[in-house]
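The sequence and structure are shown first.

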Amino acid sequence: MTGIRDKVGQNRSRLPHVSRRSFLVGATAAGGLALAWSVWPRSYDTNLTAAEGEHVFNAFLKIGDDGHIGAIVPQCEMGQGVTTLLPQIMADELGADWRTIAVESAPISPLYANTLLVDEDSGTFMPRSLVPDFVADVRSWARREWAVRHAVMLTANSSSVRMFEGPCRAAAAQARALLMMEAARRWDADWQECDTQDGFVIHGKKKLRFAEVAAGAAALDPPPEPVYRAPVADPLYGKELTRLDLPAKVDGSANYAGDIRLPDMVFAAIRQGPLGATRLKSIDRKAGMKSPGLLHIVEHERWLATVARNWWAANRALDRFAPVFETNGPPVSTTRVDKALKAALKEDGYRIRQQGDVGAAMEARRKISAHYAVAPALHAPIETRTATAAPDRGHVRVWVATQAPAQCRDAIARATGLAPSEVTLFPMMAGGSFDACLDHSVAVQAAIIALQIERPVQLAWSRAEEIMRDIPRAPARAKMTATLDAAGGIDALVARIAVPATNHEFRARLFDGTPADVAQREAAGTPDAVSVEGALSTYDIRHFAVDHCPADIGLPTGRWRGNADSYTAFFTECFIDEMAARSGSDALSYRVAMLGESPLLARCLLTATSLGGWEGGVAGTAQGLACHSMRGSHIALMATARPSENGLQVQQLVAVVDAGRLVNPAVARQQVEGGLIFGLAAATGATTDYAGGIATARKLGQLGLPRLSQSPEIIIEFVDSDRDPGGLGEIGVPVVAPAIANAIAAATGRRIRRLPLSANPA
């Protein structure tokens, strides 16, 4: 193969030379690290605050004398239902009455670290198979230890239930044991002969409400290991219980960052410069200071904020100040981005995954290639970035929606010169996020403004600001190359993907506080396994390889619902369809023939086509297929779509999902439905052009998002399973665009290889 730098092959020019001596030194250092960390404190005290009449049982549960049960949720509620799912797990194990459950956001603590996410999303270039086991184990252990010690409470990668089902069950089991121990003490009985049900501790015909024994139980020591509740006939786990956050959202009483009201609070609007190395150059101070209602202005090297009695007056004042920014280097533009991706695809890449010998398999054989492209994808949540901040005697308090509270607190501390202990963070629900709340710019800006004007302030980005300064999911290009065997099946396949090293950018911004433009430049040219995650992960192909061609596009990029799978599945599933058509095979049977190692996914695919009435994908049927596996879940989708006078018309989406055990089937369905609509938005729009360093779109209506009249009939079926729960927040996104593209190809005979789907070839 040419144009590839194989990490174990002949060309190592981008990889440091590793001698045996340096390897041993590294191993010794790893051992030293393990030894040093092993003597650090390994237990952490619960830092929950108990109200009057409340009793803390552990990091996840509080019980009040009035009978309410406080379920502590360490993840950001952004519509995915985590404030119902985790309490439902705890209530089931505790034997509680669902009507007594209340939810509270967890404080920042190592006890709530999301070690699963950190471990599975390490982004390591060197695969485990090429590293001695003891080194790989130390690295994995060190990542988890680092996450705990830094309280990495990330909400991402559909990991909430997968990470916290075990800890929540264990916490509830321990609390349940304490309640039974206190009740048994009063009854002079053996606590292990007691049980709990509907909020009562029971022993034969004796009953005591949780509220009656809570105070005494909280003072006892739990058993050394959790004692789990025996299976019951009517468990809460698996029921379609009403979401706990739903009533407040329906009646408007739910509080978001923009709903906070504090004494003497004022409102701020902000204007930021183009993406890139941008600085505030000048403002029209004379005209701006005449703005009606203006109270303060705050000038920062990268932005200008105006403060008034109401947000409207503050935002209008920005126009009068007419801030002028200057950017070092060429400005970001769509043309520049596209040229960079095309150039990267032609350059040497890094082999991230390989099976078999693709070089030998493709040598002297006819190769079939296709090029695909995806545009940047915006987050476009309903709630624009908003934060409320208040100075407090040398400290600052901040109310904001964040998917990484400890890192948000640290970012505020760095920017204001305060110690992290001097920043109090109140995590709020997010009005949509899709990973946008992993960026903490608005929280930092609000804190700076509040400290400078010395009064509480609420900062909200305008819709135009939200769109223009959003850090999007990366654009990408791919070249898929295959050779076929005599029967038309794929014998060898190489996926070359040109895309920025988004994961490295994201980490530098989140954990180091690196400005977006600096992080983008430093990550340029760096191999990033996470940026090509999901490519060719589904099918059993004898010889295959995935190459990352790092692209320096000048545009900072970030995480997004589905992340890399949202485009790698498009590349793979469209190309598989093209190979099926080329071999004269039915797209269904062609896929199933390559799913021998993925029976769960094959079952989803066969069920979806049965439900949807698959007609073989022949010309004119307007039916298309796609399937994908990620985060422990599997999905198959059959789409019916065709062009119409009013644009693309998607008539039906039929999805079958195997996500293991479902904590709450209603919430699971909502997540898949939401993912399918989100994927539809990415297929038809959710993007913008760039010129002069900023997005050209200003309003939601300019993003090509699907309207209600364009939303298809959606049919979803879950496969009954007793597997551990898989992720549900992202699984619906990756399959929509390829299924629709395949349906259009069947309906029109024309293949579209670009996202958003358009009449223009890639």
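Tyr-372, Tyr-567, Phe-570 and Phe-571 form one aromatic cluster. Rings of Phe, Tyr and Trp (its six-membered ring) are paired if their centres lie within 6.5 Å; planes under 30 degrees apart are called stacked, over 60 edge-to-face, and the rest tilted. Across the whole structure, 10 aromatic pairs are found. The model is predicted, so local features require pLDDT of at least 70 and side-chain atom pairs pLDDT 80 or more, whereas totals for chains, interfaces and linings use all residues. Residues are numbered from 1 along each chain as its sequence is written, and side-chain values use heavy atoms, without hydrogens and water.

**Trp-560 and Phe-678**

The ring centres of Trp-560 and Phe-678 are 4.8 Å apart and their planes stand at 45°, so this pair is tilted. Trp-560 belongs to the loop between β22 (543-550) and α17 (565-583), while Phe-678 is in helix α20 (residues 665-684), so the pair ties together parts 118 residues apart in sequence. Helices (H or I, at least four residues) and strands (E, at least two) are DSSP runs, numbered from the N terminus.

The criterion is NZ of Lys or CZ of Arg within 6 Å of the ring centre and within 35 degrees of the ring normal.

| Charged residue | Ring | Distance from ring centre |
|---|---|---|
| Arg-473 | Trp-560 | 4.9 Å |
| Arg-561 | Phe-678 | 5.4 Å |

**Helix α20**

Helix α20 has 20 residues and spans 29 Å from its first C-alpha to its last, close to the expected 28 Å; the expected span is 1.5 Å times one less than the number of residues. Just after α20, Ala-686 adopts a positive phi of about 60°.

**Nonpolar cores**

A nonpolar core is a set of buried Ala, Val, Leu, Ile, Met, Phe, Trp, Tyr and Cys residues joined through side-chain atoms within 4.5 Å. The largest core has 84 residues, of which Ile-490, Phe-570, Phe-571, Leu-728, Ile-740 and Leu-757 touch the most other members. Helix α17 gives the most to this core, with 8 residues. A second, separate core of 50 residues includes Val-82, Leu-208, Ala-217 and Tyr-237.

Conventions: Buried means under 20% relative accessible area, exposed over 50%, partly exposed in between (1.4 Å probe, protein chains only).
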